[in-house]
Each structure stands twice: as structure tokens, then as C-alpha cells.
Amino acid sequence: MRVAALIPAAGSGTRLGLGPKAFVPVEGRTLLGRSAAALAPHVHEVLIALPAGLDLPGDVPGRAVVGGDTRQASVLALLRATDADVVLIHDAARPFLPARVIRDLLAAVQEVGAATAALPVADTLVRADPAGSWGTLTPREGLWAVQTPQAFRRAALIAAHEAALADGHAATDDAGLIARAGQPVALVPGDARLLKVTTPGDLLIAQALARVWDAEVS
Ligand SMILES: Nc1ccn([C@@H]2O[C@H](COP(=O)(O)OP(=O)(O)OP(=O)(O)O)[C@@H](O)[C@H]2O)c(=O)n1
Ligand SMILES: C[C@](O)(CO)[C@H](O)COP(=O)(O)O
């Protein structure tokens, strides 16, 4: 079984405001470099979708393809660039990826066909009213916050992507496309350290976490 890691890294990082986010350094290493290095020992190849006109830094293991205008389009470009049997899709923006999560996902994809890292929601949830105030309380029981990596049989995921493209359906992640195609997706316990660096506040957390992370793995 050939496994590829596919890393969508072609976003513009609008909410962070520091240029293409994958190239933003955290304690001396880029978000992309950290994500790619975590995946490389577990897979046969690493493919990375980059913004047009940008090249991979020399210290990032992998092969680059040009990404698209959306995350979904970038993932489809990655899927079309590999013939691996199984793909692990992982956001460049989630730089702290424990090996335990990767191993659990690879086991789950063999059994179920698709799996995602996710964490049970711990906060109280409310849907705001039109004025932006407290609207409707949403029971959090049974709700999970979805992370990446997500693992799939490549043939099933590419079919789900192509169906979504044909229908003009926009999805926020790949597991959602598999579910839309009527197939099961296993929820594998993720990790609080797998946060997505989205805002300047997340970057501060990532900088503090990097010091602990780097001391543990070196
Ligand atoms: N056209 C796009 C948009 C996003 N991504 C990738 O998808 C992941 C999750 O996206 P997000 O965190 O939203 O990143 P950005 O799109 O860069 O952020 P923003 O929405 O703030 O611009 C990131 O690794 C990002 O690089 C991508 O490959 N191609
Ligand atoms: C794929 C993802 O990280 C799962 O939580 C998330 O949906 C990406 O969302 P974004 O809109 O690209 O920030």
C-alpha cells in the first residue's frame, strides 16, 4: 500500500496578515516545514500545494504543485498529482502533529476507508441571533471539532471531489465530501496541540508551544 501526504499550503493567510501563511516562521521553522517534517517519516511521498509563483524552501521535504483559489481546489490538484493508494491530507497551518495521530489514522483508514482527527467540543455552544447577541443554545453532546490530518483511499476521495466540482458544491474539508458521497468517516482522537494557526492570537500560542515541542522532540 503506497501512502502519500498531501499538504494544502496555497492559502494567502488573510486572517493572520503576514503573507502566505505556510511560509510564516515559528521559532525558526516555517509552518509548512514543521508539518511536512512530521509527515515525511510515515509516507512514501510528500506533495505540497503552493501559491503560484512560489517555490518550496530547500529544507522542506517534498514535491510542489500549484494550488488553486480555494483549499478544495488545492486538494484536488494534489490528488491529481499522485497515484498513491492512500492519502493523508494535512493543513500546512497545523504544525504540531503527533506521530500517534498519524499512526491511528493509518490504522483507521484500512478498516473504515476514511478517517479524520477530531476532538470532542469542550465549550458551551450558542448560535448568535441576527444582532450578534446570544441566540439559541446548541447542545454540545456528540459534537466534535474536526482537525487534520484526514486519511482516505485516494480513488474514493478523488471521485468525491470530482462530484463536488461538477455540482458546484463547496466544502470546508475532505471528510465532508466523503460523507456527502454516503461513505463512513471514522473519528480518530486528535490532539489539542494540532491547533490551526489562523489568527495573530493563534500564532502567539504556536510560538509558546514550539518551545516545548522542540525541546521534547530534539
Ligand atoms: N486556496 C487555498 C486556501 C487554503 N489552502 C490551505 O488550506 C489550509 C487551511 O486554510 P486556512 O487556514 O484557512 O489558510 P488560508 O486560506 O491561508 O487563511 P485565510 O483564510 O485567513 O486567508 C492552509 O494550510 C492553507 O494554506 C490552500 O492550500 N489553498
Ligand atoms: C480542514 C479544516 O482544517 C478542518 O477543521 C478546516 O475546515 C479548514 O478551514 P478553513 O476555512 O480553510 O480555515
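I looked up which element supplies the largest share of the shell around ligand 2, and found strand β10 (residues 144-153) with three residues; strands are DSSP runs of E of at least two residues, helices runs of H or I of at least four, both numbered from the N terminus. The model is predicted, local features need pLDDT of at least 70, side-chain atom pairs count only at pLDDT 80 or more, and totals for chains, interfaces and linings use all residues. Residues are numbered from 1 along each chain as its sequence is written, and chains are lettered from A and ligands numbered from 1 in the order in which they are written.

I listed the residues around ligand 2: Arg71, Asp91, Val146, Gln147, Thr148, Thr172, Asp173 and Lys196. A residue is near a molecule if its C-beta atom, placed from the backbone, lies within 6 Å of it. By class I noted one nonpolar, three polar and four charged residues in this shell. Ala, Val, Leu, Ile, Met, Phe, Trp, Tyr, Cys and Pro count as nonpolar, Asp, Glu, Lys and Arg as charged, and the others, Gly among them, as polar.

I then turned to ligand 1, which has 22 residues around it; Pro8, Gly11, Thr14, Arg15 and Ser74 come nearest. Its shell divides into seven nonpolar, nine polar and six charged residues.

I next located Glu162 in helix α4 (residues 154-167). I recorded Glu162 and Leu76 as 8.1 Å apart in space, C-alpha to C-alpha, and 86 residues apart in sequence.
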